[in-house]
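Please open the viewer and get ready to click along. We will go stop by stop, selecting a few residues each time.

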Amino acid sequence: MQPPLPADTLLQQRYHLVRLLGQGGFGRTYLAEDRGRFNAPCAVKEFAPTLLDTTLLDKAKELFEREAEVLYQLQHPQIPQFQAIFEENQRLFIVRDYVPGDSYESLLRSRGPLSEAEVTQFLRDMLPVLDYIHNQGIIHRDLSPENIIQRQSDRRPVPIDFGVVKDIASQLQAAQTQWSSSDELPENSQPQAPIANATLVGKPGYAPPEQLHHGRAYPHSDLYALGVTAIVLLTGEKPSHLYNDEESHWTWQQACSVSPQLASVLNKMLSDRTKERYLSAKEVQAALSAETTTASGVPDSQAPSEAENPSRPSNPPSNLPTVVVSRSPDTVAPNPQGDRPTQVTPHPPSTRQASIGPPQTSIWDNPIFVILTAMVLALLGGWSVWTLITSFSQSDDRPVAEQPLTTPAPTPDPTPDPTPAVTDRTLNLSPGNRLRVEGSLQDNETYNYRLRLDAGTELATFLESEGVLMTVFDPMGNPLPGRSQRVSGWEGTIPRQGQYTIQLQTVSGLTEGDYILDVALNEPTSEPTPEPTPEPTPEPTSEPTPEPTPEPTPEPTPEPTPEPTPEPTPEPTPEPTPEPTPEPTPEPTPEPTPKPIPPPRRLEIPSGQTDVQVRGTVSPEIPVRYLVNVGDRQIFAVELFPINPDGDDIVFTVRRPDGQTIPGARNVVFWNSRVGQSGDYLIEVSAPNTRLYELSINIRD
């Protein structure tokens, strides 16, 4: 792991590091100032795993970009906004908004366990956040008191540190292990592509069994972690102290006393069996509302909360000494479960009576009071009989229409959100054949078609659908070169032998989509075997005839040369000093006129198609701009591809018809969303150096 960056470091010429906020096994978090947003505070997360091969840096960057594409779309008042992702000096960084406040782990250390009312309000504030991210297809995967901040401004819980960094590190370690051990595989074996939704992220004690043991995370996995967080806040104990490993059940109720209704909700959230657990955050919200109504007799909407009564003080831990009060043995019912003590809900002090005290006189010991009471009862009885007889004597025989009873309509149970599903299918297709597969996908489904291919095989796969896109992965789980991620077609040559995966998913914002997958294989192209070139027969080399050695010619003896007689040197005549010639005043050089930015080029999608591609060249001085007309509620997708290998610094920015930059579409290489405003959208391509590029635009309903 590289050492932490010092304070005052400037990243990307924009993010000024102030101090280190925290450090874990997979990265560090810094407090920084964003000079691009008037020095607004932000949190910069550095991905720095302990064991990471340098050859996997590109893999880490790719996974980071995939996760950032999802996190950019989160827009919720209790979720910090993700701002940017970048690489600098072989370090990867994620930037998000900074949330001032203390973690709930710090609150536990400073003030002790929370009261039942505070934990109930904590759950009511967290459940809508989980419901929102689950509807976006995102699982937090790492909920704990350490990763939830009590925001200083309104004291609401804010989840941070989504399991992105740990998930990427897990995938990299798995890819590194598979890559390093590929040479040791048996001859007939094949490496498996990564399974979607698999994860090794999770904090022991907080993550449910299916997440830690089987690598699967679902919405109810987050609910399990939220339930563990709630009992830790109630008891102040670690999860390992609240769980009996030998009997495999939670024992947290022995460490605190809460209402039976809240205990029932928490125990269902903490069930080890997923079928007995709540499946969605809305189900837990409904159960908490029913718990409040049952406990107080007042509907949840009318019950006052701490948020509505900020002046009401919270319940701090009691500093009074404990007083033991005994009860007579015959008032305690036997416990059928053995020696476990039965929990008894204590009564308020005002209702308790001492077991020994002075005898009190009862009012029924007074005979006058007894006689008066009997007379009153007799008069009431006589009046009731007279009234009954009079009503019968005055009644007639006319029938009285019966009033129908109004049966209240039953309240429908909330429909649980479906659990994300992943389906794998192996396609047995030989070269020279073609296969068409029809199907339908929901927004929470992923379909993986797997093929065993040889090196050199020509693969052509196309998708006939308006709501489903595909990604083609190699045996290592990496997308194939070129445009192979979330596209409607791919065609090319297979680089090496192994199992390849065609993964289908719905377009973001659509609930379902029908598709027809067309897959064709062609025989690998065999290169012709070159014929051996015959070597030429060497001709015999004749030996050279020795030339006679010439005799040396005697050199003549030189005669001495007479020295010349020196002539007297004449004295120089002084020359007159010339007057200085004034230098001409230089004319000012005119400043170069800046090159005008050309007007944007309008792109039209051909009739009957949903996408268009355009190639061009961009220079540092002049960005290239395009105008595209998009209708209301249409899906708008833009993707940028560098033509040369060194063109990875090309980015684009998308602006709305009103000229405002779309959040999440600034300086990116891929973006898609369902737009809420019709009109001309501006796409601006820029780069720090002159680059060649290809821009792909897709618009569909």
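A residue counts as buried when its relative accessible area is under 20%, and as exposed when that value is over 50%, with partly exposed in between. Keep these cut-offs at hand, and remember that you are looking at a predicted model.

**Stop 1: a serine in a loop**

Select Ser271 to begin. You will find Ser271 in the loop between helix 7 (260–269) and helix 8 (281–296). Is Ser271 buried or exposed? Its relative accessibility is 11%, which is under 20%, so Ser271 counts as buried. Now show the side chain: from Ser271 it reaches the backbone oxygen of Arg273 at 3.2 Å. Leaving aside residues up to four places away in sequence, Ser271 touches Tyr224, Glu276 and Arg277.

**Stop 2: salt bridges**

How many salt bridges does the structure hold? There are 20, and we will visit some of them.

Select Asp34 and Arg14, whose side chains meet in a salt bridge with 2.5 Å from N to O. This pair links distant parts of the chain: Asp34 sits in strand 3 (residues 27–34), while Arg14 is in the loop between strand 1 (10–11) and strand 2 (15–23), 20 residues apart. Asp34 counts as buried because its relative accessibility is 1%. Arg14, at 28%, counts as partly exposed.

Next, select Glu46 and Arg28. They form a salt bridge too, and their closest N and O atoms are 3.0 Å apart. Here Glu46 in strand 4 (residues 40–47) is linked with Arg28 in strand 3, 18 residues apart. Both Glu46 and Arg28 are buried.

For another pair, select Lys203 and Glu146, where the side chains meet in a salt bridge at 2.7 Å, N to O. Lys203 lies in the loop between helix 4 (164–180) and helix 5 (209–214), and Glu146 lies in the loop between helix 3 (116–135) and strand 8 (148–151); the two are 57 residues apart. With a relative accessible area of 18%, Lys203 is buried, whereas Glu146 is partly exposed at 41%.

Before moving on, select Arg14, Asp34, Arg37 and Asp97 together. Salt bridges that share partners join these residues into one network.

**Stop 3**

Color helix 2 (residues 104–111) and pick out its buried residues, which are Tyr104, Leu107 and Leu108. Why are they on the same side of helix 2? They cover an arc of only 100° around the axis, so they share one side of helix 2. An α-helix has 3.6 residues a turn, so residues three or four places apart point the same way.

Turn the view to the other side of helix 2, where Arg109 and Ser110 are exposed. Then show what surrounds the buried residues: they pack against strand 7 (101–103), helix 3, strand 8, strand 9 (157–159) and helix 6 (219–235). Finally, click on Gly112, which follows helix 2 and has a positive phi, near 90°.

**Stop 4: a surface patch**

For the last stop, select Ile368, Ile371, Leu372 and Met375. They form a nonpolar patch on the surface, and together they have about 430 Å² of accessible area. Where is Met375 found? Look in helix 9 (residues 367–393).

Terms used:
Residues numbered from 1 in each chain as written. Predicted model: local features only at pLDDT ≥ 70, side-chain atom pairs only at ≥ 80, totals over all residues. Heavy atoms only, no water. Helix = DSSP H or I, 4+ residues; strand = E, 2+ residues; numbered from the N terminus. Buried < 20%, exposed > 50% of the residue type's maximum accessible area, 1.4 Å probe, protein only. Polar contact = N/O pair within 3.5 Å; in protein donor to acceptor, adjacent residues only side chain to side chain. Contact = heavy atoms within 4.5 Å. Salt bridge = Lys/Arg side-chain N within 4 Å of Asp/Glu carboxyl O. Arc of directions from axis to C-beta. Patch = residues over 30% accessible without salt bridge, like charges linked within 9 Å, V, L, I, M, F, W, Y side chains within 5 Å. Areas by Shrake-Rupley, 256 points an atom, 1.4 Å probe, with all protein chains shown as cover.
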